[in-house]
Each structure stands twice: as C-alpha cells, then as structure tokens.
Amino acid sequence: MTQTFLVTGAAGFIGSHSVEWLLARNQRVVGVDNLRTGRLENLEVARSSRAFEWVLADACDEAVMRALFEQHRFAGVLHLAALVSVPESFREPALNYRLNLAAADCIARLCLEFKCKRLVFASSAAVYGTYATLPNQESAIPQPQSPYAAAKLAAEVMLLGYAASYALEAVCLRYFNVYGPRQDPSSPYSGVLSIFTDRFQGGLPAIVYGDGEQTRDFISVRDVARANGEALIQTHAMADCYNVCTGCGISLNQVLTVYRGLFPDAPPDEYTTARIGDIRHSRGNPEKLRNILGFSAQIPFKQGLHELVLGERAANSEIRA
Ligand code: UD1
C-alpha cells in the first residue's frame with residue numbers, strides 16, 4: 001500500500017538514504033530540510049522521483065510544519081533533523097536545545113493533533129555515556145555526557161511520555177557509529193571513516209588518536225536507512241528505545257587493514273595521543289530491534305567500506321572477485 005511519509009532532515013547523510021529506501025518501496029515522501037548541515041546534492045536521486053516532494057524549511061517552524069501535516073495527513077514521520085555535532089552542542093547549548101529537543105516536541109505534538117500515529121526518532125548511542133557496561137543494553141541507566149546526548153535523551157523521554165499518554169507510537173532509534181556515502185568529512189569530529197576515506201583519497205596518511213585498539217560498532221548507512229524504513233512501515237513496531245547496531249566491535253587497526261587493501265600505496269598511518277574523553281570500546285546489543293522488527297544489520301564491514309570508497313556497484317564486483 002502506498003502511503004505518504006514525512007522525513008525531516010531529508011537532505012542529510014542518513015536522511016537522504018532513508019528517503020531513497022522509502023521511494024524504492026513505492027512510498028510517497030515529503031522531505032523537509034533547512035540545509036544547515038544537509039546538502040541538496042544528497043537528494044539528487046530522490047528529486048528525480050515524482051513520489052518525492054522537497055520542502056526547504058526548518059523542522060522547528062511550527063506553522064510551516066502544521067501546514068504540511070494539514071495538507072498531507074502523513075502515515076508516519078521520520079524525524080532526523082538535528083544539530084548533529086557533539087562539539088557544537090557544547091558551544092551552542094541553546095541551539096542544541098531548540099534543534100534536538102524542542103523540534104522533536106513540536107513534531108510529536110503535530111503528530112498527536114493530526115492523528116499521525118507513528119513517529120520514528122533519531123536518537124544516539126551517545127545517551128549511554130562513557131562508563132556504560134558492554135554491550136550497551138537499552139535497559140541501562142543512561143549517562144549523557146554532552147548537551148547533545150542530554151537533548152537526545154530528553155527527547156526520548158518526552159516522546160515516550162506522549163506515547164504513554166496518547167496513541168503515539170514513538171520509536172526511538174539509538175544509532176551507533178553510522179558510516180557510508182555522503183557523510184561529511186570536513187570537521188575533525190566527523191565520523192572517523194569519512195575522515196580516513198577523505199585522507200586516503202587525497203594521498204594523505206590516516207591519523208590515529210591513541211593505539212588504534214579502540215573499537216566501535218560501525219553500521220552502514222544502508223542498514224540504518226532500512227531500520228528507519230521498517231520502523232516507519234511495520235504495523236507492529238512498539239513505542240520504546242532500540243539500538244541500531246551490528247553487535248560487533250571493530251578496532252581502528254582492523255579498519256586500517258581493510259583500507260590497506262583498497263589503498264596499497266597510501267603513506268604509513270600516523271599514531272598520535274588519544275583524544276581526551278575518547279571512549280575505549282563501544283558496542284550495542286542488537287536483540288531488542290531484532291525481536292520487534294526482525295531487523296539485523298546485513299552489510300558486513302568490509303563490504304560497507306568498499307561501497308564507501310568505490311561506490312556500490314564497483315564494490316560488489318571487487319568483493320566477488
Ligand atoms: C561518537 C560521536 C561523537 C560523540 C561520541 C560519544 C560520531 C561521528 N561521533 O564518537 O560526537 O561524542 O560518539 O558518544 O558519531 N579517530 C581517529 N582519527 C580520526 C578521527 C577519529 O583515530 O581522524 C578515532 C577517535 O579518537 C575515536 C574513533 O576514531 O577513538 C571513532 O571516532 P568518531 O568517528 O569521532 O566516533 P566516536 O568516538 O564513537
């Protein structure tokens with residue numbers, strides 16, 4: 001059945017892949033983005049589809065968003081619009097509050113007003129904090145250690161409070177380390193794989209903070225887009241928080257071995273002091289989302305990294321060879 005979904009943050013890294021997933025399943029999408037960090041180029045594929053409507057707007061602009069809800073009667077909302085940089089949330093706490101908490105509240109209230117039952121919210125593994133036991137389990141007591149993580153957690157609490165009070169199916173997805181095409185490498189705090197890819201492609205060495213034995217639960221943006229889409233579409237998804245992760249930890253040194261295969265002539269990696277506050281190991285438990293949606297990550301790390309560096313088609317033939 002074809003339905004219409006609202007995606008906020010549609011021009012972002014995760015947003016644009018999620019929009020494409022929905023369009024490929026014959027759904028109609030209204031994509032909103034203020035282009036603060038999103039890029040219109042990311043929507044090139046989506047904008048060639050008649051099932052996609054592009055709206056340049058801020059998800060916090062209640063009047064504009066209300067007009068969209070009035071016009072479309074959405075079957076579900078994927079709310080990805082956010083202030084995405086943790087360091088920026090320290091510098092601009094008021095903006096962090098507006099973009100990461102107030103916007104989610106505004107969208108949730110519009111869902112209630114217009115009887116749009118399903119709201120999928122982009123949360124983050126950052127809510128667990130540095131000292132959580134591994135693998136991170138949704139039942140753990142969250143320990144946010146940045147304004148960013150605090151706002152994501154507060155938004156989860158608001159949305160689940162609405163879910164308990166009204167008929168809102170708020171599905172909060174805690175993303176782990178997402179990587180893939182269209183991730184912006186331009187800040188030192190960008191995702192490490194976007195930075196490494198950018199440097200290797202420019203003939204520069206990777207710079208490793210620490211000994212490279214720190215591990216992360218890296219998940220491909222294509223798997224994340226599928227998790228978002230399933231959470232929107234599947235009728236039996238229940239209001240709660242869910243990890244979006246693979247369940248596997250991969251060290252930076254293992255990551256660099258895969259890069260070596262792709263860039264055999266790259267200069268030697270450079271090791272420098274570890275970042276203050278860096279987490280040593282991060283890994284999620286994927287069981288809860290698997291139980292509710294049947295979702296598990298399908299793209300093995302090596303394939304995902306090949307796709308990032310070579311593009312999807314080239315990566316498939318390279319891996320088969
Ligand atoms: C992620 C968030 C970060 C947040 C943290 C806590 C992303 C992109 N970052 O950080 O904002 O504060 O979770 O929840 O989601 N590294 C290098 N060389 C580089 C870049 C990074 O060695 O050029 C290292 C980092 O020191 C870190 C690892 O790579 O040990 C991963 O870094 P990053 O991609 O920033 O992710 P997180 O540290 O998990």
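Modeller: Let us begin with a term: helices (H or I, at least four residues) and strands (E, at least two) are DSSP runs, numbered from the N terminus. The model before us is predicted. Just after helix α7, glycine 203 takes a positive phi of about 75 degrees.

Biologist: How does one describe the packing of two helices?

Modeller: Two packed helices are described by the angle between their axes and the distance between the axes. Here, α7 (residues 192–201) packs with α9 (residues 252–262) at an angle of about 35 degrees, the axes being 12 Å apart. Their crossing is right-handed.

Biologist: Which residues of α7 and α9 make the contact?

Modeller: From α7 come Val192, Leu193, Phe196, Thr197 and Phe200, and from α9 come Leu252, Val255, Leu256 and Tyr259. Sorted by class, this contact has eight nonpolar residues, one polar residue and no charged residues.

Biologist: Which residues of α7 are buried, and what covers them?

Modeller: The buried residues are Leu193, Ser194, Ile195, Phe196, Thr197 and Phe200. Their cover includes α9, together with α11 (301–310) and the strands β7 (177–179), β8 (207–209) and β10 (218–220). Serine 190 sits in the loop between β7 and α7. Serine 190 is buried because its relative accessible area is 14%, and buried means under 20%. Beyond its neighbours within four places in sequence, serine 190 is in contact with Asp184, Pro185 and Ile195.

Biologist: At what angle do helices α3 and α5 pack, and how far apart are their axes?

Modeller: The packing angle of α3 (residues 62–72) and α5 (residues 93–113) is about 35 degrees, with the axes 10 Å apart. This crossing, too, is right-handed. The contact is formed by Glu62, Met65, Arg66 and Phe69 of α3 with Cys106, Ile107, Arg109, Leu110, Cys111 and Glu113 of α5. By class, there are six nonpolar, no polar and four charged residues.

Biologist: Is glutamate 70 buried or partly exposed?

Modeller: Glutamate 70, which lies in α3, is partly exposed, with a relative accessible area of 47%. From C-alpha to C-alpha, glutamate 70 and isoleucine 107 are 13 Å apart in space, and 37 residues separate them in sequence.

Biologist: Let us turn to the sheet. In what order do its strands lie?

Modeller: The sheet is open and has seven strands, in the order β3-β2-β1-β4-β5-β6-β11, with parallel pairing. At its edges stand β3 (52–56) and β11 (240–244); each has a single partner strand, so one side of each is left without a neighbour in the sheet. From one strand to the next, the twist averages 20 degrees.

Biologist: How many bridges join neighbouring strands, for instance β1 and β2?

Modeller: Strand β1 (residues 4–8) is joined to β2 (residues 28–33) by five bridges, and the two run parallel. Threonine 8 has valine 32 of β2 as its bridge partner. Between β1 and β4 there are four bridges, again in the parallel sense, with leucine 6 opposite valine 77 of β4. Four bridges also join β4 to β5 in parallel, where the partner of valine 77 is leucine 119.

Biologist: How do the side chains of a strand point?

Modeller: In a regular strand the side chains alternate between the two faces of the sheet. In β4 (residues 76–79), Gly76 and Leu78 point one way, while Val77 and His79 point the other way; all are buried.

Biologist: Which residues have the most contacts inside the largest nonpolar core?

Modeller: They are Leu173, Tyr175 and Leu289, in a core of 36 residues. At least two residues of this core are supplied by each of β1, α1 (13–24), β5 (118–124), β6 (169–175), α8 (221–233), β11 and α10 (287–293). A second, separate core of 30 residues includes Met65, Phe69, Cys106 and Leu110.

Biologist: Where does asparagine 285 lie?

Modeller: Asparagine 285 lies in the loop between β13 (270–272) and α10. Its relative accessibility is 15%, so asparagine 285 counts as buried. Apart from neighbours within four places in sequence, asparagine 285 is in contact with Pro135, Asn136, Gln137, Glu138, Asn243 and Cys245.

Technical notes. Residues are numbered from 1 along each chain as its sequence is written. This is a predicted model: local features need pLDDT of at least 70, side-chain atom pairs count only at pLDDT 80 or more; totals for chains, interfaces and linings use all residues. Side-chain values use heavy atoms; hydrogens and water are left out. Axes are lines fitted to C-alpha atoms, for helices over the stretch in contact, and angles run from 0 to 180 degrees between N-to-C directions. A crossing is left-handed if the near helix is turned anticlockwise from the far one by less than a right angle, and right-handed if clockwise. Contact means heavy atoms within 4.5 Å. Ala, Val, Leu, Ile, Met, Phe, Trp, Tyr, Cys and Pro count as nonpolar, Asp, Glu, Lys and Arg as charged, and the others, Gly among them, as polar. Buried means under 20% relative accessible area, exposed over 50%, partly exposed in between (1.4 Å probe, protein chains only). Two strands pair if DSSP finds at least two bridges between them. A nonpolar core is a set of buried Ala, Val, Leu, Ile, Met, Phe, Trp, Tyr and Cys residues joined through side-chain atoms within 4.5 Å.
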